[in-house]
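Me: I would like to go through this model with you, beginning with the contacts between its chains. Could you take a look?

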Amino acid sequence: MSAARGGSAMRLRGLLRKEFLQIVRDPSSIAIAFLMPVFLLALFGYGVSLDAEDVPIALVQDAPSRDGADFLASLRGTPSFAPRDAASMAEAERLLREGTVSGIVRVPADFPRRLREASGAPVQVVVSGVDANTARLVQGYVEGAWGNWLAARAARQGQEAATPVDLQPRTWFNGELRSRNYLVPGLVAIIMTLIGALLTALVMAREWERGTMEALMVTPASMTEVLLGKLGAYFVLGTGGMLLSVAMAVWLFEVPLRGSFWVLWACSSLFLLAALGMGLTISTLARSQFVAGQVAIIATFLPAFLLSGFIFDIGAMPPVVQAITHVVVARYFVAIVQTLFLAGDVWAVIVPNAAALAIMAAAFLAITWRKSRKRLD
Amino acid sequence: MWRRILALVRKEFLALLKDPKSRLVLVVPPLVQLLVFGYAATFDLRQVPIAVLDEDRSAASRELLAAFGAGTTFVKVAELGSAAEIAPLVDRRRVLAVIRVGPRFADDLLSGRPAPVQVVIDGRNSNTAMVALGYVRSTVERFNAGWRASRGLAAPPARLEMRAWFNPNLESRWFFIPGIVGMLTLVVTMLVTALTVAREREQGTFDQLLVTPLRPGEILLGKALPGFVIGILQATLIMVVARAWFGVPFLGSLAAFYAGLALFLLSGVGAGLLISSLSATQQQGLLGAFLFMVPAVILSGFATPIANMPEAVQLVTYADPLRYFLIVLRRVFLEGAGFALVADQLWPMAVIGAVTMSLASWLFRHRMY
């Protein structure tokens, strides 16, 4: 019995050695595991941001007045806007249509007169609604400047601002609302999904296609050992890539890591098993590298990008789509990393998501194992 | 010559469609993905889960909090008894925001002082936090206006009149669905082209192809046409679904749409074939496809505006064909653009297409193993 187990350990070592030799021989796997996370994370970490600064807007005064200039001055001082003056509304509309500016703030000619009337003076704000999110931000920034102007004006006249309810927002976990703080941990999850699947999506299909799987079958190594050999080798590579990504997130992009590193390590390992398992499953079911490659392109990137909660809030999706997101591996890991990085070790978030990762990893590996046992056909 | 190319095109289509798994992969996922992603891709929130903490328990505070219960924007998940209950709820993501009304709320409000109301927001997803905060703010703003009107208080001396062009209700879905049309088209071209040459290389049939009378340019044409045809068909289908199912307006000219699509396919197919002809194995082809597709999507301005990127990254986006196609799509769908308004986006795609196609054709001949 012990001799058999010793034999198994020896066979496994041999298989691992074979996998590593194959990896070293075709450097594209090493490139996938180490260069790709560095390259993608550097590019996206800097490139992906939802914080709009210096939004170009056009300012229009139909008739120059001191009150009008005073109001527009409140928009000039902020880092949110890069304002430019337009001579007329027609010119401002042309700029908006061309996309040179994202919004227009127009002070009508009767602004000073109506400022003293009970109904108040209207100020027109026009935004381009094509990018609805940026449009909302612009509206919010203008509202903020408007509120400040009202308060300053009231103070100058010795009154208190007439706001009945004064809203005081407190943002937890991400005080400055820096979008990079949540996008970078999510990017780590997405990039590692791709890498896990890319590493393994073709390996089983390649063995089948080239006939080397049949050669492996006649050796004493069992199918379980073959699979363990593959999983072990790529797991080591993937862990390396994961460590690199986390290091970049913390030191290059200065995302605070408030949770424990070891919890992150454990969850990452579970996630890697699931991602590698998904690749192995694709590879095993497809049996041809061409189809496996096609499936990997379709099934990994876009679902991880759009359905993981990386950028689009899962809670805002319709229930049917929310149900579909449960089969996306990245979803669970995105929830874990966003919480681990920004909030800390919140077990109520981590435990269920980690359990889901474990279940998915087990399911993928079980499918691979079952389907691989079938002998020659 | 055309007979030869036609024969090659026929062979390529057979290679793509003969395998039932491969056939399935080409037809079903794009439609399913459009439906799923179309619903998933939005920054608008529905039924934001909130909790309220009323330390005042006055008629005024109840009136304010009732405003959050009305409508479908918010769902009141819990009414808290003390401030200590806030942290566990927010930490666990049970609620996105907590509205906290302090004990002197009614006193302040009735005596004309600004009455502070605290709102605690989960900032883990800063964009969601900002959108939710906007909803809270407009609810409070409505309450303020109602309060002023019922007490005969003076309105603020100036007010903002907001209007949004092209998308009056600021539905972010209108922004994303044209983008999804572009993304799925890119994925399809990658599917069809990125692995074809690599597969023939790996199996050795590419050498056979090179010794036939076909010239490299003809091989290129034969390899490119299936991607082109499938791309046009799928994009048309997806565009129709985007309009009929999701009700995204299509205001511009069809000619501008197809001109943009054709040039985008040219550059996408060119990039795919270039990747494919650079790779010796399908594994490398797949890697190349991802290395092109993932940055092309993330830096295209699909979800995060290009204007927010640093200068250096903005320069990189000029090489991204999807960047131009997305602008064309949004202008044609939402702004009602004709040919003239998208012309400045068309030529860069033509340049990218010409460069990648000629490189791929050159590599056919000069990269041998």
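Me: Which residue of chain B does Arg210(A) meet in a salt bridge?
Reply: The partner is Glu202(B), with 3.3 Å from N to O between the two side chains. Please keep in mind that this is a predicted model.

Me: How many salt bridges are there between chain B and chain A?
Reply: The count is two. Polar contacts between chain B and chain A come to 37 residue pairs, both residues being at pLDDT 80 or more.

Me: Which helix of chain B gives the most to the side that touches chain A?
Reply: That is helix H6 of chain B, residues 126-151, which provides 14 residues. By class, this side of chain B holds 65 nonpolar, 21 polar and 21 charged residues.

Me: What area do the two chains bury between them?
Reply: Chain B and chain A bury about 10200 Å², and 68% of that lies on carbon and sulfur atoms. Of the area that chain B buries against chain A, 8% comes from Arg124(B), Trp165(B) and Gln283(B), more than from any other three residues. The contact involves 107 residues of chain B and 114 residues of chain A.

Me: Now the strands. In which sense do S4 of chain A and S5 of chain B pair, parallel or antiparallel?
Reply: Strand S4 (residues 121-128) of chain A and strand S5 (residues 158-165) of chain B pair in the parallel sense, over eight bridges. Within this pairing, Val126(A) has Arg163(B) as its bridge partner.

Me: Changing topic, what does the domain assignment give for chain A?
Reply: Domain 1 covers 2-48 + 178-373, and domain 2 covers 55-156. The C-alpha centres of these two domains of chain A are 49 Å apart.

Key
Residues numbered from 1 in each chain as written. Chains lettered and ligands numbered in written order. Predicted model: local features only at pLDDT ≥ 70, side-chain atom pairs only at ≥ 80, totals over all residues. Heavy atoms only, no water. Domains from an automatic or database assignment. Contact = heavy atoms within 4.5 Å. Buried area = accessible area lost by both parts, 1.4 Å probe. Salt bridge = Lys/Arg side-chain N within 4 Å of Asp/Glu carboxyl O. Polar contact = N/O pair within 3.5 Å; in protein donor to acceptor, adjacent residues only side chain to side chain. Helix = DSSP H or I, 4+ residues; strand = E, 2+ residues; numbered from the N terminus. Nonpolar A, V, L, I, M, F, W, Y, C, P; charged D, E, K, R; others polar. Pairing = 2+ DSSP bridges.
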